[in-house]
Amino acid sequence: DAVTDSAASEICAGDDAARLAAAAPPDSTLRTRQFEVAAAHYRRAVTVAAKPETKLLALNVLAGVYDAQHLHDPGQMETVLREIIALMPEDLAPVFRLATLQEGEGRVDVAEATLLDARHRKPDAVEPYRVLTQFFARRVTALSKQEAQNQAQTATGPGEPDAEGVYRVGGAIAPPAREGVPRFPPEAQAAGVRGVVVAEVVIDTSGKVTDA
């Protein structure tokens, strides 16, 4: 019908503008402008489309225009992805795409909620669990790296005090010398106690034990 034909013509016009944008110099005003023209045509196609498949096609190409390789507009891209999800709620692919977008922006809690929503949509499907596992693996890697960096920044050198004022052995701080040989008490020996005793000892500047 006429409405569907109108939507198709808008998609074709958007494709023409996208091709001109791709041929323009990178980071040029012309490239940006042509992608904006393409986005406007695709949006009009979404508005006038009578058939769901036509609307879905227009939304998918519109999402592509807003991705990081083109206009790089995460806000607009998220809006379009949510429209796609509403149009085809049984398909988890756009949900996963939305979560990837959110994670890439550093909105990890929101991305996690999106993936959990996918799991709730299809609790018996394997894919949501697989994607969630990969998501949590990335979080563990990122948090472990951050923790290691924090520890490296707060670590003290030999002879320097830490945040609590305790000095590490080294530099001007000589290591303590053991006096005598430690022995188990007779009662422990009689009971057959064996093993190694580890003690943490804090010594003040006068050489006295302040905590053990």
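Welcome to this predicted model. Arg121 has 35% relative accessibility and therefore counts as partly exposed (buried is under 20% relative accessible area, exposed is over 50%, and partly exposed is in between, with a 1.4 Å probe and protein chains only). Salt bridges with shared partners join Glu78, Arg82, Glu105 and Arg107 into one network (a salt bridge puts a side-chain nitrogen of Lys or Arg within 4 Å of a carboxyl oxygen of Asp or Glu). Helices here are DSSP runs of H or I with at least four residues, numbered from the N terminus.

Two notes on reading the values:

- Residues are numbered from 1 along each chain as its sequence is written, and side-chain values use heavy atoms, leaving out hydrogens and water.
- Because the model is predicted, local features need pLDDT of at least 70 and side-chain atom pairs count only at pLDDT 80 or more, while totals for chains, interfaces and linings use all residues.

**Salt bridges**

- The structure holds 10 salt bridges.
- Arg121 meets Asp117 in one of them, at 2.8 Å from N to O.
- Asp117 and Arg121 are 4 residues apart in helix H6, so about one helical turn separates them.
- Asp117 is partly exposed, at 33% relative accessibility.
- Glu10 and Arg44 bring their side chains together at 3.4 Å, N to O, and this pair links distant parts of the chain, with Glu10 in helix H1 and Arg44 in helix H2, 34 residues apart.
- Glu10 is buried at 17% relative accessible area, whereas Arg44 is partly exposed at 38%.
- Glu78 and Arg107 form a salt bridge of 2.8 Å, N to O; because Glu78 lies in helix H4 and Arg107 in the loop between H5 and H6, the pair ties together parts that are 29 residues apart in sequence.
- Glu78 counts as buried at 11% relative accessibility, and Arg107 is partly exposed with a relative accessible area of 30%.

**Helix H4**

- Helix H4 covers residues 74-87, and its 14 residues should span 20 Å at 1.5 Å a residue (the expected span is 1.5 Å times one less than the number of residues).
- The end C-alpha atoms of H4 are 20 Å apart, which agrees with that expectation.
- The buried residues of H4 are Pro74, Met77, Glu78, Val80, Leu81, Ile84 and Ile85; they cover an arc of only 165° around the axis, which puts them on the same side of H4 (the arc is that of the directions from the helix axis to the C-beta atoms).
- An α-helix has 3.6 residues a turn, so residues three or four places apart point the same way.
- The cover over the buried residues of H4 includes helices H2 (29-48), H3 (52-65), H5 (93-104) and H6 (108-121).

**Nonpolar core**

- The largest nonpolar core has 34 residues, of which Tyr42, Val80, Leu81 and Leu115 touch the most other members (such a core is a set of buried Ala, Val, Leu, Ile, Met, Phe, Trp, Tyr and Cys residues joined through side-chain atoms within 4.5 Å).
- H1, H2, H3, H4, H5, H6 and helix H7 (127-154) each supply at least two residues of this core, and H2 gives the most, with 6 residues.
- Leaving aside residues up to four places away in sequence, Val80 touches Arg43, Leu59, Leu62, Ala63 and Tyr66 (contact means heavy atoms within 4.5 Å).

**Loop residues with positive phi**

- Asp27 is not a glycine, yet has a positive phi of about 60°.
- Asp27 is found in the loop between helix H1 (2-23) and H2, and is exposed at 79% relative accessibility.
- His72, also not a glycine, has a positive phi of about 50°.
- His72 lies in the loop between H3 and H4 and is exposed at 51% relative accessibility.
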